[in-house]
Each structure stands twice: as structure tokens, then as C-alpha cells.
Amino acid sequence: MSHLAATATTAGTTAGLILLTLATVTLCYLGLCWVRPFRRCRRCQGTGRRRSLILRTGRTCYRCDGNGEHLRPGRTALNYLRQLHGKGTPR
């Protein structure tokens with residue numbers, strides 16, 4: 001009988017542990033977006049230049065416009081929320 005009771009309580013603990021882990025990962029990602037808002041461009045590997053297929057000459061990367069960096073999706077969301085909060089505040 002005690003075995004069934006122990007099994008029933010661990011199911012709630014497992015769900016709580018999953019939620020805690022998910023919240024921790026989310027907060028760590030938002031912290032990363034706050035500290036390092038840009039990531040390397042995957043297309044040019046952060047160089048800002050791409051090799052063309054036909055003549056193999058160097059060109060400016062069209063995805064990052066030659067910067068070699070992209071704004072992280074989480075930072076884009078943070079910027080949107082900050083802008084939304086600014087619009088709602090009376091001045």
C-alpha cells in the first residue's frame with residue numbers, strides 16, 4: 001500500500017521538476033539575450049562575406065548586410081516588450 005502512495009506523489013514532483021527546469025532554462029536564455037544580444041550569422045559564419053557560387057568571388061552577406069551578426073530572437077522579444085511598455089506609460 002505504501003508503494004502506491006509513493007508512486008502517486010512522485011508524479012506531482014516530476015511535473016514540478018520539469019516546470020522548474022523549464023523556468024530556469026528560460027531565465028538563463030533571457031539573461032544571455034540581455035548580456036549578448038547578437039549572435040554570429042550562420043550564413044557567413046560571422047565574417048560578413050560570402051563566396052559566390054559562379055566566380056567564387058567574395059560578396060557581402062545578404063542576411064546580415066556584412067555585419068556578421070544577427071539580433072537574437074529573445075532580444076527581439078525583449079525589445080518589443082520594452083517598446084510596448086513605453087507606449088502604455090502616460091507621459
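This note sets out several local features of the structure above.

1. The model is predicted: local features require a pLDDT of at least 70 and side-chain atom pairs a pLDDT of 80 or more, whereas totals for chains, interfaces and linings use all residues. Residues are numbered from 1 along each chain as its sequence is written, and side-chain values use heavy atoms, with hydrogens and water left out.

2. H70 lies in strand β4, residues 69–71; strands are DSSP runs of E of at least two residues, numbered from the N terminus. H70 has a relative accessible area of 17% and is therefore buried (buried is under 20%, exposed over 50% and partly exposed in between, with a 1.4 Å probe and protein chains only). Apart from neighbours within four places in sequence, H70 contacts P37, F38, R39, C41, R63 and C64, a contact being heavy atoms within 4.5 Å.

3. The charged end of R75 sits over the ring of W34, 5.0 Å from the ring centre. The criterion is that NZ of Lys or CZ of Arg be within 6 Å of the ring centre and within 35 degrees of the ring normal.

4. Two residues call for a check of the backbone. Most residues other than glycine have a negative phi. Q45, which is not a glycine, has a positive phi of about 60 degrees. Q45 is in the loop between β1 (38–40) and β2 (49–51) and, at 48% relative accessibility, is partly exposed.

5. D65 is likewise not a glycine and has a positive phi of about 55 degrees. Its place is the loop between β3 (58–60) and β4, and D65 is exposed, with a relative accessible area of 61%.

Conventions:
Helix = DSSP H or I, 4+ residues; strand = E, 2+ residues; numbered from the N terminus.
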